[in-house]
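Good morning, colleagues. Please take a moment to look at the structure on the screen before I describe it.

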Amino acid sequence: MIGLAIAVAWLGFVLHNVADLPGQTLLSAETLYPSLVYVVLIGVLRWSAWPLFGWAVLNGVGGGVLSVLPLPFLPFDPVQSFHHYSFHIIYTATQIPLAVLAFRRARSPQAL
């Protein structure tokens, strides 16, 4: 079950990057390096699910919510459009199952 949640979270992240950021591909740094983090966290999962939980929360809150806001400390001015917001909604929503399952697994490793 957690494997499916990881795949859904990664797909939401990739969909956001490829569809919403101009010129992105799977091999672009903004997509490739976070994808490698997913791979590393899958390897760490046999010892602890806390890093995976943190990654899901970071993606959901940081990438899905905060990065869409026109905050003065961000190095870019996000586009304020329905198209842009819709991909951030998808991005955030796809992180929730992973955050929930990783949290449950971290609290009780034998539960999942």
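Predicted model: local features only at pLDDT ≥ 70, side-chain atom pairs only at ≥ 80, totals over all residues.

**Helix packing and the nonpolar core**

Helices H3 and H4 are roughly antiparallel to each other, because their axes cross at roughly 155 degrees and angles over 145 degrees count as roughly antiparallel. H3 covers residues 50–63 and H4 covers residues 82–107, and their axes come within 8 Å. The crossing of the two helices is left-handed.

Which residues of H3 and H4 make the contact? On the H3 side they are Trp50, Leu52, Phe53, Ala56, Val57, Asn59, Gly60 and Gly63. H4 contributes His88, Tyr91, Thr92, Gln95, Leu98, Ala99, Ala102, Phe103, Ala106 and Arg107. Sorted by class, this contact has 11 nonpolar, 6 polar and 1 charged residues.

I turn now to the core. The largest nonpolar core has 19 residues. Those with the most contacts inside this core are Ile2, Ile6, Phe13, Tyr38, Leu45, Leu52 and Leu98. Two or more residues come from each of helix H1 (2–20), H2, H3 and H4. Leaving out residues up to four places away in sequence, Leu45 touches Ile2, Ile6, Leu52 and Arg105.

Is Thr31 buried or exposed? Thr31 has a relative accessible area of 0%, and is therefore buried, since the cut-off is under 20%. Beyond its neighbours within four places in sequence, Thr31 is in contact with Phe13, Val14, Asn17, Gln24, Thr25 and Leu26.

How values were computed:
Residues numbered from 1 in each chain as written. Heavy atoms only, no water. Axes fitted to C-alpha atoms, helices over the stretch in contact; angles between N-to-C directions. Helix = DSSP H or I, 4+ residues; strand = E, 2+ residues; numbered from the N terminus. Parallel < 35°, antiparallel > 145°, perpendicular 65-115°, else oblique. Left-handed = near helix turned anticlockwise from the far one by under 90°. Contact = heavy atoms within 4.5 Å. Nonpolar A, V, L, I, M, F, W, Y, C, P; charged D, E, K, R; others polar. Buried < 20%, exposed > 50% of the residue type's maximum accessible area, 1.4 Å probe, protein only. Core = buried A, V, L, I, M, F, W, Y, C linked by side-chain atoms within 4.5 Å.
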